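Q: Could we go through this structure together, one part at a time? I would like to begin with a pair of helices.

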Amino acid sequence: MSIETDVLVLGGAGVDTIVHVPELPVPYADSYMIRPGIKTRAGQSGDFVALGLSALGLRTHHLDMIGDDVEGDLVRALHRDHGIPLTAVPQPAGTKRAVNLVGPDGRRLSLYDDTRSREADRFPEETVRTLAAAARHAHVVITHPCSQALPLLRESGLTVSTDLHNWDGENPYHEPFALASDLVFLSTTALADHERTMRDIAARGRARIVVATAGADGAYLLADGALTHIPAVTPPAPVVDSNGAGDAFASAFLLGWLNGEDPAQCALYGAVAGAYACTVPSTRTDAIGRDGLLDRVAELAGDPV
């Protein structure tokens with residue numbers, strides 16, 4: 001089968017309801033008057049990665065389990081509007097959804113509806129094999145039933161990336177993703193010792209590169225046994241929401257990685273895209289384009305970050 005897709009994204013399709021709060025954590029009160037209001041829109045981790053990859057010019061296909069419900073309609077419309085192919089496996093439990101509390105500084109607290117998945121959830125094997133056969137690479141979100149698809153992706157000969165998000169380095173749920181992936185992203189948020197965790201992932205698993213993002217402190221890149229600090233990039237506008245910044249980082253890093261760029265250059269791409277994502281209001285879904293990314297990288301070439 002000919003290669004029709006640069007990146008097959010598995011999992012992470014869903015809907016967020018955005019609630020702006022005066023501060024995080026939210027002080028107890030009987031009620032709050034919310035501005036700029038409460039909005040429900042499609043866009044969770046897999047959606048954001050697929051959107052970011054597509055905006056950067058990579059042929060992208062998204063696979064997930066989606067319900068026959070209002071939330072599912074929003075997810076399907078998002079992909080249709082952005083021209084991103086979506087294979088939706090029926091999910092009787094309903095489309096994934098969450099409530100995001102967003103503070104004035106752009107930080108967020110996400111509350112996920114855990115009733116929208118089941119332990120027995122699976123992607124049809126033939127569907128995974130068919131989509132994998134037409135792809136160069138797979139990015140796997142840490143949602144059910146993606147862990148069950150990892151062996152099929154490996155059998156198909158694809159390279160695999162994943163984002164462990166705020167893993168604490170110990171929760172066993174994340175380990176199949178961490179150890180089966182060639183490229184691993186995670187956040188330093190819950191890590192007592194990010195270097196130790198990164199080296200442990202590389203030592204015990206398949207990862208050739210491990211990247212730990214650290215928000216305003218930049219990121220850490222482990223490649224060929226060397227740990228490098230990647231400085232943060234100044235956002236091009238005021239920071240309004242950090243939601244999706246890690247997904248944007250991963251998307252831009254993959255652009256460089258799939259094009260054979262040096263890992264440090266890939267990380268710079270990620271830093272630029274992540275900074276841009278922080279300027280996008282939580283009620284919207286948007287991603288930096290290839291021209292915008294490369295123009296900003298060119299600007300930074302002669303401007304120490």
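Predicted model: local features only at pLDDT ≥ 70, side-chain atom pairs only at ≥ 80, totals over all residues.

Q: Which residues make the contact?
A: On the α8 side they are Q265, L268, Y269, V272 and A273, and α9 contributes L293, L294, R296, V297 and L300. By type, the residues of this contact comprise eight nonpolar, one polar and one charged.

Q: Let us turn to the sheet. What is the order of its strands?
A: The sheet is open and has nine strands, in the order β5-β4-β1-β8-β9-β10-β11-β12-β13, and the pairing is mixed. Strands β5 (86–90) and β13 (226–230) are the edges, each pairing on one side only. From one strand to the next, the twist averages 15°.

Q: How many bridges join β10 to β11?
A: Strand β10 (residues 183–187) and strand β11 (residues 209–213) run parallel and are joined by five bridges. For example, S187 has T213 in β11 as its bridge partner.

Q: Which helices pack on the sheet?
A: Helix α1 (residues 45–55) is one of them; it touches β1 (5–10), β4 (60–66) and β8 (135–141), and its direction makes about 165° with that of β4. Helix α6 (residues 194–204) also packs on the sheet, touching β10, β11, β12 (219–223) and β13, with its direction at about 30° to that of β12.

Q: New topic: how many aromatic pairs are there?
A: The count comes to four aromatic pairs. One of them is formed by F185 and F249, which are edge-to-face, at 6.4 Å centre to centre with 75° between the planes.

Q: Where do F185 and F249 lie?
A: F185 is in strand β10 and F249 is in helix α7 (residues 245–258), so the pair ties together parts that are 64 residues apart in sequence.

Q: Last one: in what sense do β6 and β7 pair?
A: Strand β6 (residues 96–102) and strand β7 (residues 108–112) pair in the antiparallel sense, over five bridges. Among the bridge partners are N100 and S110, the latter in β7. The hairpin has five residues between the strands, and G106 in this hairpin takes a positive phi near 90°.

Methods
Residues numbered from 1 in each chain as written. Heavy atoms only, no water. Contact = heavy atoms within 4.5 Å. Helix = DSSP H or I, 4+ residues; strand = E, 2+ residues; numbered from the N terminus. Nonpolar A, V, L, I, M, F, W, Y, C, P; charged D, E, K, R; others polar. Pairing = 2+ DSSP bridges. Axes fitted to C-alpha atoms, helices over the stretch in contact; angles between N-to-C directions. Phe/Tyr/Trp six-rings, centres within 6.5 Å; stacked < 30°, edge-to-face > 60°.
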